[in-house]
Amino acid sequence: MNAPSKNALLLPATPGQRLARGVGRLLRSLDHAVLTEFVPARGLRVDVMSLGPRSEIWVVECKSSRADFTADRKWQGYLDWCDRYFWAVDADFPADLLPEGTGLILADPFGAEIARMAPETRLPGARRNRLMRDFARAAALRLQAAADPGAFSGA
């Protein structure tokens, strides 16, 4: 039996995180900066938020199964926090369940492709500015935590 490849050992633990990894690779190839599990407002946590080169903000919700999708009661609240909204699913997901008027990304842990572009609904300027500041702060804090975990331990 062959030993697992180095990439296989580095795969995220959950199916949703694996989809988010592939989505992140796609968005990065489109020159977007990506954050996973971002909180745009109290009570909301998006799977993937990206900031594009022209300040466009995309939200991607990763759904690994029919049950995962039907249990999601918050997704419509995310529409007010992005210019484009997408679902990310694997090739076996029943895509006909997904609402019209939203984007569709087919993903796996190693990449993704846009199957249906989401319609654009531009954010109001004040909300965009707030999101960009919050996005930058979250990214900087995550970078600092990766570089110096002790800074966040109370040591």
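## Salt bridges

A search of the whole structure finds 10 salt bridges. The structure is a predicted model. Side chains of opposite charge can pair when their charged atoms come close.

One network of salt bridges links Glu 61, Lys 63, Asp 68 and Asp 72. Lys 63 and Asp 72 are both buried; the relative accessibility of Lys 63 is 5%. Asp 68 is partly exposed, at a relative accessible area of 25%.

A further bridge joins Asp 83 to Arg 128, with 2.7 Å between the closest N and O atoms. Asp 83 sits in the loop between helix H4 (75–78) and strand S4 (84–89), and Arg 128 belongs to helix H5 (residues 125–147), so this pair ties together parts that are 45 residues apart in sequence. Asp 83 and Arg 128 are both buried.

## A buried arginine without a bridge

Arg 84 is part of strand S4. Arg 84 is buried but has no salt bridge. Its nearest side chain of opposite charge is Glu 120, 4.1 Å away, and a salt bridge needs the nitrogen and the carboxyl oxygen within 4 Å.

Leaving out residues up to four places away in sequence, Arg 84 touches Ile 57, Trp 58 and Val 59, and also Met 117, Ala 118, Pro 119 and Glu 120.

## Nonpolar cores

The largest nonpolar core has 24 residues, and Phe 38 and Met 49 have the most contacts inside it. Strands S1 (33–38), S2 (46–51), S3 (57–62) and S4 each give two or more residues to this core, as do H4 and H5. Beyond its neighbours within four places in sequence, Phe 38 is in contact with Leu 44, Arg 45, Val 46 and Met 49, and with Leu 131, Asp 134, Phe 135, Ala 138 and Arg 142.

Another core, of 14 residues, lies apart from the largest one. Among its residues are Trp 58, Cys 62, Phe 86 and Ala 118. Trp 58 and Ala 118 are also among the residues that Arg 84 touches.

## Aromatic pairs

The count of aromatic pairs comes to 7. One of them, Trp 58 with Phe 86, is tilted, with 4.9 Å from centre to centre and 45 degrees between the planes. Trp 58 lies in strand S3 and Phe 86 in strand S4, so the pair ties together parts that are 28 residues apart in sequence. Trp 58 counts as buried at 7% relative accessibility, and Phe 86 is buried with a relative accessible area of 0%.

Ring pairs also link a cluster made up of Phe 69, Trp 75, Tyr 85, Trp 87 and Phe 93.

## Helix H2

Helix H2 covers residues 15–29, which makes 15 residues. From its first C-alpha to its last it reaches 22 Å, close to the 21 Å expected at 1.5 Å a residue. The buried residues in H2 are Leu 19, Ala 20, Arg 21, Gly 22, Val 23, Gly 24, Leu 26 and Leu 27. An α-helix has 3.6 residues a turn, so residues three or four places apart point the same way.

Asp 31 follows H2 and has a positive phi, near 70 degrees.

Terms used:
Residues are numbered from 1 along each chain as its sequence is written. This is a predicted model: local features need pLDDT of at least 70, side-chain atom pairs count only at pLDDT 80 or more; totals for chains, interfaces and linings use all residues. Side-chain values use heavy atoms; hydrogens and water are left out. Helices (H or I, at least four residues) and strands (E, at least two) are DSSP runs, numbered from the N terminus. The expected span of a helix is 1.5 Å times one less than its number of residues. Buried means under 20% relative accessible area, exposed over 50%, partly exposed in between (1.4 Å probe, protein chains only). A nonpolar core is a set of buried Ala, Val, Leu, Ile, Met, Phe, Trp, Tyr and Cys residues joined through side-chain atoms within 4.5 Å. Contact means heavy atoms within 4.5 Å. Lys and Arg count as positive and Asp and Glu as negative; His and the chain ends are not counted. Rings of Phe, Tyr and Trp (its six-membered ring) pair if their centres lie within 6.5 Å; planes under 30 degrees apart count as stacked, over 60 as edge-to-face and the rest as tilted.
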